[in-house]
Amino acid sequence: MLSGMNSENMVNENIRIASEAEPGHFTKEDMEIVERIKQIIREREKVGCTGCRYCMPCPKGVDIPGNFYYYNLMYMEKKSSARFEFAQNMGMRKEPGFASQCVGCGQCEKHCPQHINIREKLKEADHDLRPLPYKIGIDAVRKIMIR
Ligand code: SF4
Ligand code: SF4
């Protein structure tokens, strides 16, 4: 399920909780490691989406943060497993929210605090998440499973 946060936010949140629980627990070295982890996450992340959902709802039913979550997951973890998760979770919803439903109205971009070029990034996400064989497979399963 979607966490509503990107990985870097999760790291920050975990640090906050841990430091509140044990004040002074983190050494300078620990913080350097944490910064390195955050840098790696930033480098791998395809879209700096925090999952805030200010861009939602989309009038065409696109699940904007959902698409970005799985798109990022592909580069944080294994591509095939992220695609599989996407197909299983988003792809099998009654209203799937695929990026291809976007008509390019631009409404969402006015509300994004991260100033993400959502329309462009959705195209990239869809291209990566649903290459043709996956698209055909998801459509076929939807026809059988979702009525
Ligand atoms: S640009 Fe696309 S994703 Fe954004 S609100 Fe319009 S239809 Fe939805
Ligand atoms: S408003 Fe921007 S950061 Fe927030 S969920 Fe939408 S795309 Fe992601």
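Reply: A residue is near a molecule if one of its heavy atoms lies within 4 Å of it. This is a predicted model in which local features need pLDDT of at least 70, side-chain atom pairs count only at pLDDT 80 or more, and totals for chains, interfaces and linings use all residues. Residues are numbered from 1 along each chain as its sequence is written, chains are lettered from A and ligands numbered from 1 in the order in which they are written, and side-chain values use heavy atoms, with hydrogens and water left out.

Me: Which residues surround ligand 1?

Reply: The shell is formed by Cys 58, Pro 59, Lys 60, Ile 64, Cys 102, Val 103, Gly 104, Cys 105, Gly 106, Cys 108, Arg 119 and Leu 122. For the classes, Ala, Val, Leu, Ile, Met, Phe, Trp, Tyr, Cys and Pro count as nonpolar, Asp, Glu, Lys and Arg as charged, and the others, Gly among them, as polar. On that basis the shell of ligand 1 has eight nonpolar, two polar and two charged residues.

Me: Which residues come nearest to ligand 2?

Reply: They are Cys 49, Cys 52, Arg 53, Cys 55 and Cys 112, out of 13 residues around ligand 2. Its shell divides into nine nonpolar, three polar and one charged.

Me: How many helices and strands does the protein chain have?

Reply: Helices (H or I, at least four residues) and strands (E, at least two) are DSSP runs, numbered from the N terminus. Here there are six helices and zero strands. Domain bounds come from an automatic or database domain assignment; the chain is divided into domain 1 (7–44) and domain 2 (64–145), with 29 Å between their centres, taken over C-alpha atoms.

Me: Which residues have the most contacts inside the largest nonpolar core?

Reply: In soluble globular proteins, nonpolar side chains tend to be buried together. Buried means under 20% relative accessible area, exposed over 50%, and partly exposed in between (1.4 Å probe, protein chains only). A nonpolar core is a set of buried Ala, Val, Leu, Ile, Met, Phe, Trp, Tyr and Cys residues joined through side-chain atoms within 4.5 Å. The largest such core has 25 residues, and those with the most contacts inside it are Ile 64, Phe 68, Phe 86, Ile 116, Ile 118, Leu 122 and Leu 129. Helix 3 (64–76), helix 4 (79–89) and helix 5 each supply at least two residues of this core, and the largest share, six residues, comes from helix 3.

Me: What does Ile 118 contact, leaving aside its neighbours within four places in sequence?

Reply: Contact means heavy atoms within 4.5 Å. Ile 118 is in contact with Cys 55, Ile 64, Phe 68, Cys 108, Glu 109 and Cys 112, once those neighbours are left aside.

Me: Why are the buried residues of helix 4 said to lie on the same side?

Reply: The residues concerned are Ala 82, Arg 83, Phe 86 and Ala 87. They lie on the same side of helix 4 because they cover an arc of only 135 degrees around the axis, the arc being that of the directions from the helix axis to the C-beta atoms. Their cover includes helix 3, helix 5 and helix 6 (132–145).

Me: Is Ile 138 buried or exposed?

Reply: Ile 138, in helix 6, is buried, with a relative accessible area of 4%. Not counting residues up to four places away in sequence, Ile 138 touches Phe 86, Ala 87, Gly 91, Met 92, Phe 98 and Arg 130.
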